[in-house]
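Please read the following note with the model open beside it. The points run from single residues to the whole chain and can be checked one by one.

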Amino acid sequence: MLTGRFPQLRLRRLRKNENVRRMVRETVLTPNDFIYPIFVVDGENKKEEIPSMPGQFRYSVDRLPEIVEEVEKAGIPAVILFGIPSHKDELGTDSYSEEGIIQRALRKIKGEGSKLYLITDVCFCEYTSHGHCGYLECHGEVCDVDNDRTLELLKKQVVSHAQAGADMVAPSGMMDGMIAAIREALDAAGFTNIPIMSYAAKYASAYYGPFRDAAESTPAFGDRRSYQMDPANFNEALREVALDIQEGADIVMVKPALAYLDVIRAVKETFKYPTAAYNVSGEYSMVKAAALKGWIDEKRVVLETLTSMKRAGADLILTYHALEAARWLNE
């Protein structure tokens, strides 16, 4: 790879000052790379800070325009919406109700004339009384999510989101066959132009802890390891991504991002497909906690972390740091 050797070759020549470093920089991070997650709750005039995620809030539908305006001013092109309904039941019916929390949020944002690209998280854990990601089948005391019955519920959910104004749907439940089922449902309802961003390689990660606090989605019992991936597995992620692409995914995602940079790199190099990475709540909260203690330079750590995800191959980064990072990049 090298075309010379020291002392004729001195790599430090191209590090001498910021101008030359900018000129030869291989990976450039911009606000266009970001998708900002927003949590939406029932009620009125609510902006509730999430204790385990400093700087992040739950917004009632009527308060959404203020955060939407902030995102637009920062130059971030898209948000992903997570709903937290007041009513939860075994089937998560609010997730596909015409008056569901996400459906009302979509209509509110669109009705205000926002040009933001609106993505909806498609799952059931925030909507079910048991906190699992679909239809729960129990035999005695042993319960598990019924994959195929959940597919039928997912079809209803994505169509209702599309009807309410979603620009893209993002299924996150890791059900086998979910992309094919969702594509079939959207097409049959006339939404052939709605793309799917699949949480294709979603690991059963300990990094999700603060999100479950934010979305009130902690399972009432057990865990999600029977449907989310084993963190030790690498090749399985490539199989999951391949299947989702075959079924019609338009974008594939790796979640979490920071501990799975090797997976992001492999997915991008193997499939050459639009690839997203989710910089998840635990990754965000660890940085925030260390910054609040004065142990790290928050700005530099955040931008370095996000750059590492893009360098690994991510075309899109879902991150709670998006607003701050966009401001820093725009300075």
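Is Asn-45 buried or exposed?

1. Asn-45 is exposed, with a relative accessible area of 56%, where exposed stands for over 50% relative accessible area, buried for under 20% and partly exposed for what lies in between, with a 1.4 Å probe and protein chains only. The residue sits in the loop between strand S1 (34–41) and strand S2 (47–49), and its phi is near 55°, a positive value in a residue other than glycine. Helices (H or I, at least four residues) and strands (E, at least two) are DSSP runs, numbered from the N terminus.

2. On the basis of the note: this is a predicted model, in which local features need pLDDT of at least 70 and side-chain atom pairs count only at pLDDT 80 or more, while totals for chains, interfaces and linings use all residues. Residues are numbered from 1 along each chain as its sequence is written, and side-chain values use heavy atoms, with hydrogens and water left out.

3. Met-174 is buried, however, at a relative accessible area of 6%.

4. Just after H5, Gly-190 adopts a positive phi of about 90°.

5. Gln-103, in helix H3 (residues 101–111), is buried, with a relative accessible area of 1%. A polar atom of the Gln-103 side chain lies 3.3 Å from the backbone oxygen of Ser-97; a polar contact is a pair of N or O atoms within 3.5 Å, of which, within protein, one must be able to donate a hydrogen and the other to accept it, and residues adjacent in sequence count only if both atoms are side-chain atoms. Leaving aside residues up to four places away in sequence, Gln-103 touches Asp-94, Ser-95, Tyr-96, Ser-97, Glu-98, Ser-160, His-161 and Ala-164, a contact being heavy atoms within 4.5 Å.

6. One joins Phe-6 and Pro-7, with omega about 10°, and Pro-7 belongs to the segment before helix H1 (18–23). Another joins Lys-255 and Pro-256, with omega about -5°, and Pro-256 is in the loop between strand S10 (251–255) and helix H8 (261–271).

7. For the chain as a whole, there are 11 helices and 12 strands. The radius of gyration is 21 Å, close to the 20 Å that the globule rule gives for 331 residues, so the chain is as compact as a globular protein of that length; the radius is taken over C-alpha atoms, and the rule is 2.2 Å times the number of residues to the power 0.38. Along the principal axes, the C-alpha atoms fill a box of roughly 70 × 45 × 40 Å.

8. Buried residues make up 53% of the 331 residues, and among contacts with a separation of 6 or more, 73% are between residues 24 or more positions apart.
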